[in-house]
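Thanks for coming, everyone. Please take a look at the sequence and the structure before I start.

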Amino acid sequence: MSEEVEIISDGDGAVLKGNESALARFLKDHEWLPKARPVSLARLNEMFRSGADVAETLSGVAEQSALYLKLTPESARRLQDAGGLMKTKTKGISHAMLGKTGDHTMKWLQVQDGPLSLATNPAVLSGIGGLMSQAAQQAEAQELKELIVKLDEKLDDVRRAQKDEVLARMRTAAAEIQEAMTIREHGGDPKTLWDKVSKVSGQITNVQENALAALGALADKVESKEKTGQLRKVVREIEQDVAMQLAILARCFELHDEFHVVELDHVIATAPENLGGHRAGLAKAGQIRRDEVLARTSKLMSQLDRAGEIVNANIILHSRAARDVVGALKVTGELVAEFHFPLGIEIAREELVTVPWREAVKDSRQLKSAGREVGVNVLKGGAAAAVVLAVPVVKALSQKDGKSPEV
């Protein structure tokens, strides 16, 4: 039995074909086995019912095992760095063969042309690209389902009820998409399923746009606050609201993913020659949606980071408030990162850490900030003396017992 594994990749994911044991060994060696999901190559026969050259390529292929692997930036680099993925004549599609040489582990082999190689026909590669697009949508939808459960656990009863009320606006769309996906799993007719769901996308998009606008409003709410006390209150308040809007967005993206699976089935059934262009268009539209999400969440995190910097610059008089803000900021940052992960979005940001109080009293900028605030809050007449004396007294106390005052 052949020990070769064939890999087709579009950069976002990869289809791996070969015998079951070879596939399992390759994925296990790279710790990817739990992340791979089965994909049916038999569907290629539905796309190409005519053409001797295609028939020869597909001969025997459908009986082989195939798995889809969603590529993370790390796993994509590992595949590319290995030097095995080679460009094909089909735009955006790369191909490679691995095989066992002697007693050694699997190594990259030169791309082979043979009746069982998927790389021998551009039309077949385009079909594989369509299967990858569908598998990617399904993999992302599953990850989003799991994320929604996590986010729901973080919501209080009030926010959970608000989330459910918003999602009720697209209840019909959700029910029709889920019914179509269930029928699809049992081999339903693609044209009939498309007729069932073709008009529901607008409901999902409307809810999605409102959720994005709500995230923008939360960012504006933080931006309008300058004082430590105000920031402490607003940052703690919006933590739940951010989780709620992310849960709504996750549900919208999940439904759009499943909608696009049905849409691609319809294209495969009615116009397979347009499959390559259609999946490219879907990928571009998806990237536009992700860019919009990135813009809103980046603005939100930027404002929260700014809030953290403000309170971190006022540790001497507001150490407890600073700890609260930075703690809430960390939780919200983790929620946003968890939401970004299934969508393949990355934000480069440094985690904010609270400045220790004992270090703050040694910082001239912190001392000046505390002095200014004390000066604003004392009565006129004694203000100058208060500003001069307050901070040195605080500093002296810190040096005496090494503890921060409960401010």
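**Strands first, then a helix pair**

A word on the source. This is a predicted model, where local features need pLDDT of at least 70, side-chain atom pairs count only at pLDDT 80 or more, and totals for chains, interfaces and linings use all residues. Residues are numbered from 1 along each chain as its sequence is written, and side-chain values use heavy atoms, with hydrogens and water left out.

Now the overall picture. The protein has 15 helices and 7 strands. Of its 407 residues, 44% are buried. Buried means under 20% relative accessible area, with a 1.4 Å probe and protein chains only.

Back to the strands. E1, residues 5-9, and E2 run antiparallel, joined by 5 bridges. Two strands pair if DSSP finds at least two bridges between them. Glu6 has Lys17 in E2 as its bridge partner. The hairpin of E1 and E2 has 3 residues between the strands, and Gly11 there takes a positive phi near 95°.

What lies on the other pairing of E2? Strand E4, residues 65-70, is joined to E2 by 6 bridges, and the two run antiparallel. Gly13 stands opposite Lys70 in E4.

How many residues of E2 are buried? The count is 6 of the 6, so E2, residues 13-18, is largely enclosed by the rest of the structure. Gly13, Val15 and Lys17 cover one side, and Ala14, Leu16 and Gly18 the other; all are buried. E1 has 5 of its 5 residues buried, so it too is largely enclosed by the rest of the structure. Val5, Ile7 and Ser9 point one way, Glu6 and Ile8 the other.

On to the helices. H5, residues 122-154, packs with H11, residues 275-312, at an angle of about 30°, their axes 9 Å apart. Axes are lines fitted to C-alpha atoms over the stretch in contact, and angles run from 0 to 180 degrees between N-to-C directions. H5 and H11 are therefore roughly parallel, a term for angles under 35 degrees.

Which residues meet? From H5, Ser126, Gly127, Gly129, Gly130, Ser133 and Glu140 meet Leu275, Gly276, Arg279 and Arg290 in H11. Contact means heavy atoms within 4.5 Å.

Technical notes: Helices (H or I, at least four residues) and strands (E, at least two) are DSSP runs, numbered from the N terminus. Angles under 35 degrees count as roughly parallel, over 145 as roughly antiparallel, 65 to 115 as roughly perpendicular and the rest as oblique. Buried means under 20% relative accessible area, exposed over 50%, partly exposed in between (1.4 Å probe, protein chains only).
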